[in-house]
Amino acid sequence: MQLKNYMEEAVFDMLDDVMRDLGVCMCEKCRYDVAAIALNSLPPKYVVTDEGEIYSRTNELTAQFNADIAAVITRAAEIVSKNLRHEVRNG
């Protein structure tokens, strides 16, 4: 048995698409910074059993659930883009 925050999986499932749509830096450091900020802004959804994970996946199908995650990722990406923690290279 393993304890898992299902919200982490949900954020990473949407992360690249949202960041790509926003045209922000997609380097590993920025991706993880965005994910960390987003996850700290979302309520955790812990699952222990396969049944619990199935319940969470059913919840994921709601339009509001996806919209909430996309909105939080968007806000996090804006924060990270304004506060890059790596050197920006030109050219």
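Let me begin with a question: is Tyr32 buried, partly exposed or exposed? Tyr32 is partly exposed, since its relative accessible area is 46%. Here buried means under 20% relative accessible area, exposed means over 50%, and partly exposed lies in between, with a 1.4 Å probe and protein chains only.

Some conventions come next. The model is predicted, so local features need pLDDT of at least 70 and side-chain atom pairs count only at pLDDT 80 or more, while totals for chains, interfaces and linings use all residues. Residues are numbered from 1 along each chain as its sequence is written, and side-chain values use heavy atoms, with hydrogens and water left out.

The protein has four helices and two strands, arranged along the sequence as β-α-α-β-α-α. Helices (H or I, at least four residues) and strands (E, at least two) are DSSP runs, numbered from the N terminus. Of the 91 residues, 32% are buried. Taking contacts between residues at least 6 apart in sequence, 78% join residues at least 24 apart; a contact means heavy atoms within 4.5 Å.

I return to Tyr32 and its partner. There is one aromatic pair in the model, where rings of Phe, Tyr and Trp (its six-membered ring) pair if their centres lie within 6.5 Å, and planes under 30 degrees apart count as stacked, over 60 as edge-to-face and the rest as tilted. The pair is Phe12 with Tyr32, and it is tilted, at 5.7 Å centre to centre with 55° between the planes. Because Phe12 lies in helix H1 (residues 6–22) and Tyr32 in helix H2, the pair ties together parts that are 20 residues apart in sequence. Phe12 is partly exposed, at 26% relative accessibility.

Now to the helix packing. The axes of H1 and H2 are 10 Å apart and the helices pack at about 130°. Axes are lines fitted to C-alpha atoms, for helices over the stretch in contact, and angles run from 0 to 180 degrees between N-to-C directions. H1 and H2 are therefore oblique to each other, given that angles under 35 degrees count as roughly parallel, over 145 as roughly antiparallel, 65 to 115 as roughly perpendicular and the rest as oblique. Residues that meet here include Phe12 in H1 and Tyr32 in H2. By class, this contact of H1 with H2 has 11 nonpolar, no polar and three charged residues; Ala, Val, Leu, Ile, Met, Phe, Trp, Tyr, Cys and Pro count as nonpolar, Asp, Glu, Lys and Arg as charged, and the others, Gly among them, as polar.

H1 also packs with H4, at about 60° and with axes 9 Å apart, and these two helices are therefore oblique as well. Among the residues meeting there are Met14 of H1 and Ile69 of H4. The contact of H1 with H4 comprises 12 nonpolar, two polar and no charged residues.

What is the angle at which the axes of H2 and H4 cross? The axes of helix H2 (residues 28–41) and H4 cross at roughly 130° and come within 8 Å. This makes H2 oblique to H4. The contact includes Val34 of H2 and Ala77 of H4, and its residues divide into 10 nonpolar, one polar and one charged.

Glu78 counts as partly exposed, at 43% relative accessibility. Its C-alpha atom is separated by 8.7 Å from that of Val34, 44 residues apart along the chain.
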